[in-house]
Amino acid sequence: MAVLLVEVLVYTTLASSLAIPLLAATGYHRSRAILALSWLGVLSFLLASLLVFASNGVELYSGLVRHDAFTSIILLGAGFSACLALLAVGYDGYRWSSHPAFYSLLPLVLFGTFYLAGANNVLVVIASWLLVSVASYVLVALPGDSDSRMASIKYIYIGMVATLLIAIWASVHVSRVDGLLEVGMLSGGNQPLALLALVASISAFGFKVGIVPFHWWLPSVYGRADGRVIAVVAGIAKLGFIAIIVRLITQSFSDLGYTSKLLAVLAVTTMTYGNIAALTTTDLQRLLAYSSIAHIGYITAAAYVLSIAEPGSLAYRMALAGIALQSIAYTIAKTPLFLLTSEAGRSLEGELRGLLARDRQASISVAVLLASLLGIPPLLGFWGKLYMFLPLASYSIAILAIALVNSGVSSAYYVRALRDIVTPSEGAVRGIREGYRTALTIGAVMTVILGLIAPLVLSVI
């Protein structure tokens with residue numbers, strides 16, 4: 001019964017997404033029903049995610065899609081962040097000539113994320129990959145300004161390369177496991193083919209989530225396009241790619257000796273580059289883009305543990321819980337913060353200076369979200385980092401030390417951002433509208449509440 005209800009809710013998300021363009025095409029492009037339909041799709045997805053979590057996972061279509069406790073947490077993060085995005089934007093998106101597309105694509109991204117995160121079949125991976133990717137390309141271009149168009153072009157170019165790489169992985173995978181399409185083991189036997197599949201998939205997902213050296217497009221796209229669409233692309237769509245790459249590492253490549261070595265190198269270079277680059281900018285949106293790279297580095301370090309730890313062991317479960325918690329902490333913080341840059345400005349030394357003086361509620365919320373990204377206890381981000389870092393002590397003291405140093409480095413730019421927010425401004429400042437303020441506040445409150453109950457996740461994973 002739970003499985004059937006989950007399917008109905010997920011297809012309701014898709015139906016709401018498809019109904020919005022039809023409504024706009026019939027002359028109701030300014031109708032309030034467009035926003036209402038978008039809310040219907042987002043809330044249906046969130047309810048479906050809650051059911052998956054309450055059921056401790058579900059299996060759909062004879063195993064083609066399989067959600068467990070880990071992916072259900074990822075889905076909850078995506079659904080909740082989508083609510084924050086829609087709450088903040090509200091009717092604001094109606095100012096865009098192509099605004100129906102935004103309200104339609106948001107639930108469509110969620111629909112694709114549901115299948116991407118739970119994909120247990122090569123064809124499902126490819127189909128959901130393309131759905132989320134194409135929706136993301138269009139979202140970036142929606143505002144219509146020159147920066148958004150340029151960012152979209154670069155994003156599409158990178159997406160083409162990543163799609164080619166994932167197609168190489170798929171072809172090798174199918175041939176390697178004698179035509180079977182399930183996402184399963186690729187180790188043993190023909191090692192060159194397994195290595196090709198590993199490199200192709202890591203490269204493809206590296207482009208999508210910003211792993212160094214596949215990151216070079218990310219600061220330009222995340223740091224240049226409108227913050228409202230980047231809140232969806234960076235804060236929500238990325239979660240599905242994180243979930244599926246964890247599945248590939250644990251199910252397809254865990255027995256390959258060079259998997260852990262590759263992940264270790266990528267983790268160190270990614271977290272180090274992201275944090276150092278973030279020190280060089282006073283633009284909050286670019287700072288968030290660089291810190292996104294750093295956070296992917298931490299997640300890659302936890303994936304390194306997953307590649308060598310015994311499945312079911314405490315270290316394995318702790319690393320998996322750490323990735324889940326860090327992903328939620330990331331999306332709950334980044335989504336409203338990217339939204340803030342579109343509303344209040346991007347410059348920490350300009351428009352955002354003195355935020356505390358004009359909006360105490362918003363500034364306190366920003367402080368909480370930044371503190372969570374830094375990893376201050378007992379906020380949600382603290383537990384994500386703790387559970388990702390602790391298992392490293394059993395497998396690589398060197399990576400653990402580098403991760404701790406990088407986390408310390410990140411305090412420099414987060415503290416600087418907080419300093420600028422509380423420093424009084426001498427010039428005119430922009431106000432923050434209620435929707436954006438509410439999204440910041442709810443995000444901060446949930447960061448605190450989830451931080452208090454986060455240790456319970458380890459018993460669920």
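## Nonpolar surface patch

A nonpolar patch on the surface is formed by Met 1, Leu 4, Leu 5 and Val 8, which together have about 440 Å² of accessible area. The model described here is a predicted one.

One member of this patch, Leu 5, lies in helix α1, which covers residues 2–28. The relative accessible area of Leu 5 is 39%, so this residue is classed as partly exposed, a class that lies between the limits of 20% and 50%.

## Largest pocket

The largest pocket has a volume of about 390 Å³. Its lining comprises 18 residues, of which Phe 53, Leu 76, Ile 328, Leu 450 and Ile 453 are the closest to the pocket centre. Two or more lining residues come from each of the helices α2 (33–54), α3 (69–89), α12 (314–344), α18 (434–453) and α19 (457–460). Among these elements, α3 gives the most to the lining, with four residues.

In terms of residue class, the lining of the largest pocket divides into 17 nonpolar residues and one polar residue, with no charged residue.

## Second largest pocket

For the second largest pocket, the computed volume is about 210 Å³. The residues that line this pocket are Asp 68, Ala 69, Phe 70, Thr 71, Ala 243, Val 246, Arg 247, Thr 250, Gln 251, Tyr 316, Leu 320 and Ile 461. The elements that give two or more residues to this lining are α3, α9 (227–251) and α12. The largest share, five residues, is from α9.

The lining of the second largest pocket consists of seven nonpolar, three polar and two charged residues.

Arg 149 belongs to helix α6, which covers residues 146–176. Its relative accessibility is 46%, and Arg 149 therefore counts as partly exposed.

In sequence, Arg 149 and Tyr 137 are twelve residues apart. In space, the C-alpha to C-alpha distance between Arg 149 and Tyr 137 is 9.9 Å.

Key: Residues are numbered from 1 along each chain as its sequence is written. This is a predicted model: local features need pLDDT of at least 70, side-chain atom pairs count only at pLDDT 80 or more; totals for chains, interfaces and linings use all residues. Side-chain values use heavy atoms; hydrogens and water are left out. Patches are made of residues with over 30% relative accessible area and no salt bridge: like charges are joined within 9 Å, nonpolar side chains (Val, Leu, Ile, Met, Phe, Trp, Tyr) within 5 Å. Accessible areas come from the Shrake-Rupley method with a 1.4 Å probe; for residues, only the protein chains shown count as cover. A salt bridge is a side-chain nitrogen of Lys or Arg within 4 Å of a carboxyl oxygen of Asp or Glu. Buried means under 20% relative accessible area, exposed over 50%, partly exposed in between (1.4 Å probe, protein chains only). On a 1 Å grid over the protein atoms alone, a cavity is a set of points where a 1.4 Å probe fits but cannot get out, and a pocket is an open set with protein on both sides within 12 Å along at least five of seven lines; lining residues have an atom within 4 Å of a point. Grid points are joined across faces, edges and corners, and a volume is the space filled by probe spheres set on the points. Ala, Val, Leu, Ile, Met, Phe, Trp, Tyr, Cys and Pro count as nonpolar, Asp, Glu, Lys and Arg as charged, and the others, Gly among them, as polar.
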